[in-house]
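Please have a look at the sequence and the structure, and then I will take you through a few places in turn.

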Amino acid sequence: MASNTLDASMQGIRSVWGPLGDTVVAGCQRHLADLLRAPATEDWLAALHREAPANKEVYRDPAHGFVLLAHSEYAGLHRPPHDHGRAWVIYAIQQGEIEMRTYARVENTDGSVGLVKRDSTVMRPGQVQVYLPGDIHDTRCMKGPALLFRFTERDLKKEDKDEHRVKRYVEKDGVWTFGTP
């Protein structure tokens with residue numbers, strides 16, 4: 001039996017877990033939306049607001065490997081365009097406002113790789129957003145302090161540091177491009 005909203009939400013995600021598909025993604029979105037409605041008086045959430053961690057692992061599922069991270073962000077913080085390799089993620093906004101922009105990767109005539117902005121969404125408290133494997137996006141905190149949760153279906157540290165599957169983009173002469181500055 002769940003003792004708080006965090007436990008109930010993670011238990012709910014475990015109950016719908018399986019291979020990537022519509023049902024799994026919708027179930028995870030639903031349970032993360034439930035998490036966002038947790039009373040600020042619950043110990044785990046009160047601690048996050050008090051500590052305001054830049055990056056904190058809140059939950060790691062021992063059987064399925066999914067991870068829930070909390071990020072406290074200040075207004076103006078920008079995380080440049082990136083993807084999450086083979087992983088899919090769900091962002092859930094508990095406090096503040098975060099702009100999330102999506103991009104398409106394009107190959108230029110000279111063979112270089114660049115990005116074209118597709119869309120921009122300002123996420124507000126209570127909203128969740130899914131990014132599937134290979135989706136390129138960036139984030140910018142528009143109103144802080146923001147508290148957002150990032151649910152990842154696998155350990156992104158391993159995906160990035162060990163397997164080098166995460167792609168990051170840099171701005172050169174006003175154009176987003178793949179590689180280092």
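Predicted model: local features only at pLDDT ≥ 70, side-chain atom pairs only at ≥ 80, totals over all residues.

Does Arg101 count as buried or exposed? Arg101 counts as buried, because its relative accessibility is 15%, where buried means under 20% relative accessible area, exposed over 50%, and partly exposed in between, computed with a 1.4 Å probe on protein chains only. Residues are numbered from 1 along each chain as its sequence is written, and side-chain values use heavy atoms, with hydrogens and water left out.

Arg101 sits in strand E4, residues 89–107, and here strands (E, at least two residues) and helices (H or I, at least four) are DSSP runs numbered from the N terminus. Leaving aside neighbours within four places in sequence, Arg101 is in contact with residues including His78, Asp119 and Asp138, contact meaning heavy atoms within 4.5 Å.

Let me turn to the backbone, where Gly144 and Pro145 are joined by a cis peptide bond with omega of about 0°, and Pro145 belongs to strand E7. Ala52, in the loop between helix H3 (43–51) and E1, has a positive phi of about 50° although it is not a glycine. With a relative accessible area of 45%, Ala52 is partly exposed.
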